[in-house]
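Work through these exercises with the sequence and the model side by side. Try each task before you read its solution.

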Amino acid sequence: MSILAEQVDVVIGVDAHTDTHTAAVVSAAGAVLAELTVPADDDGAAALLAWTDDDAGALRRQWVIDGARSHGVGVARVLLAAGETVPDAARVPGSTRRCGGKSDRLDAIQVARGALTTERITTPRSDGDREALRILHVARRHYTDTRTATVNLLKSLILTDDDCLRGRLRKLNTDQQVRHLCRLEPTNELDALTRVRHDQLRALAVDIAALDRTLAANLKQLRDLVTAMCPVLLEQPGVGPVSAAVALTAWCPPPPQPRRRSHPQLSPAHHRAAGRRRGRRGRGGRVRGVGR
């Protein structure tokens, strides 16, 4: 399989941030052809696309954005709407962050050069039902972890409570304990320590009950989305809405081909870079000076 440098004429690396985006156009040989910094808004993304059309509009080109689903999500959406392919630098082997001091310009160049040696690029997750599934699944993990931590704290407070309340809760399961503690009435007849403990037990139980309702609503949303996208998954043994959502969000479509405009007119800089590459090779494609 050929590397990206053999499939495109230029790579446009973008170092995305909260306030600005810096882009660098790098040839297949690694030479920096152009650079630009734009505001991190819709106008900046449109200006970046127009600038690239002027400088590399007739070339086979590939965009690579550092943070295509975080700081660079806005510019990525503009580029995708224009028909570009936009992988995330974090998903491109070899395009690691530059070591040393911070420089948006050098980071953009490193993003582009790092992508040149990869054989296969993958597009980041896009907006739509799959992104909705991912958000629901990530949120569910947070709710589940929070509920587990809250239940553990509740159990520890029950363990050190007075014998009367601890005795009433001992034979109940967790759900029954939560329902009982939600109905626990405050009273001024208790000492300060017991009153504080009961107040916190009731507050924790209310939080757990709220999380249970949130998790139930989350599961219904997951099931509805999975049913709309791929109902056959839920018919498989042992596959529920959560595992089906994981499978659907983990699936990666085949990578698109780098974009190429009709009737390309290569820039002088590209011809010079291509000439240097040809000059380093002898007949039959062998590097000069190297024997059989």
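**Exercise 1. The overall fold**

Task: State how many helices and strands the protein has, and in which pattern they follow along the sequence.

Solution: 
- Start with the source. This is a predicted model.
- Count the elements. The secondary structure comes to nine helices and four strands.
- Read along the sequence. The pattern is β-β-β-α-β-α-α-α-α-α-α-α-α.
- Turn to burial. Of the 292 residues in the protein, 36% are buried.
- Finish with contacts. Take those between residues at least 6 apart in sequence: 59% of them join residues at least 24 apart.

**Exercise 2. H7 against H8**

Task: Decide how H7 and H8 are oriented, and list the residues that make the contact.

Solution: 
- Locate the helices. H7 covers residues 192-229 and H8 covers residues 241-250.
- Take the geometry. Their axes come within 9 Å and cross at roughly 55 degrees.
- Classify the angle. Roughly perpendicular starts at 65 degrees and roughly parallel ends under 35, so this angle counts as oblique. H7 is therefore oblique to H8.
- H7 passes H8 in a left-handed crossing.
- List the contact. H7 supplies Leu 219, Leu 222, Arg 223, Val 226 and Met 229. H8 supplies Pro 241, Val 242, Ala 244, Ala 245 and Leu 248.
- Sort by class. The contact has nine nonpolar residues, no polar ones and one charged.

**Exercise 3. H6 against H7**

Task: Work out the orientation of H6 and H7, then sort their contact by residue class.

Solution: 
- Locate H6. This helix spans residues 174-182.
- Take the geometry. The axes of H6 and H7 come within 8 Å and cross at roughly 125 degrees.
- Classify the angle. Roughly perpendicular runs from 65 to 115 degrees and roughly antiparallel begins over 145, so oblique is the class here. H6 and H7 are thus oblique to each other.
- H6 passes H7 in a left-handed crossing.
- List the contact. Asp 175, Val 178, Leu 181 and Cys 182 of H6 meet residues of H7, among them Leu 201, Arg 202 and Asp 212.
- Sort by class. Eight residues are nonpolar, none polar and three charged.

**Exercise 4. H4 against H6**

Task: Say how H4 and H6 are oriented and which residues meet.

Solution: 
- Take the geometry. The axes of H4 (residues 129-159) and H6 come within 12 Å and cross at roughly 70 degrees.
- Classify the angle. That makes H4 roughly perpendicular to H6.
- List the contact. Arg 147, Val 151, Leu 154, Lys 155 and Ile 158 of H4 meet Thr 174, Asp 175, Gln 177, Val 178 and Leu 181 of H6.
- Sort by class. Five residues are nonpolar, two polar and three charged.

**Exercise 5. Single residues**

Task: Classify Pro 87 and Ala 216 as buried, partly exposed or exposed.

Solution: 
- Classify Pro 87. Its relative accessibility is 0%, so Pro 87 counts as buried.
- Find a partner. Pro 87 and Ile 65 are 22 residues apart along the chain, and their C-alpha atoms are separated by 6.5 Å.
- Classify Ala 216. Its relative accessible area is 46%, so Ala 216 is partly exposed.
- Find a partner. Ala 216 and Arg 140 are 76 residues apart in sequence, and 9.8 Å apart C-alpha to C-alpha.

Conventions:
Residues numbered from 1 in each chain as written. Predicted model: local features only at pLDDT ≥ 70, side-chain atom pairs only at ≥ 80, totals over all residues. Heavy atoms only, no water. Axes fitted to C-alpha atoms, helices over the stretch in contact; angles between N-to-C directions. Helix = DSSP H or I, 4+ residues; strand = E, 2+ residues; numbered from the N terminus. Left-handed = near helix turned anticlockwise from the far one by under 90°. Contact = heavy atoms within 4.5 Å. Nonpolar A, V, L, I, M, F, W, Y, C, P; charged D, E, K, R; others polar. Buried < 20%, exposed > 50% of the residue type's maximum accessible area, 1.4 Å probe, protein only.
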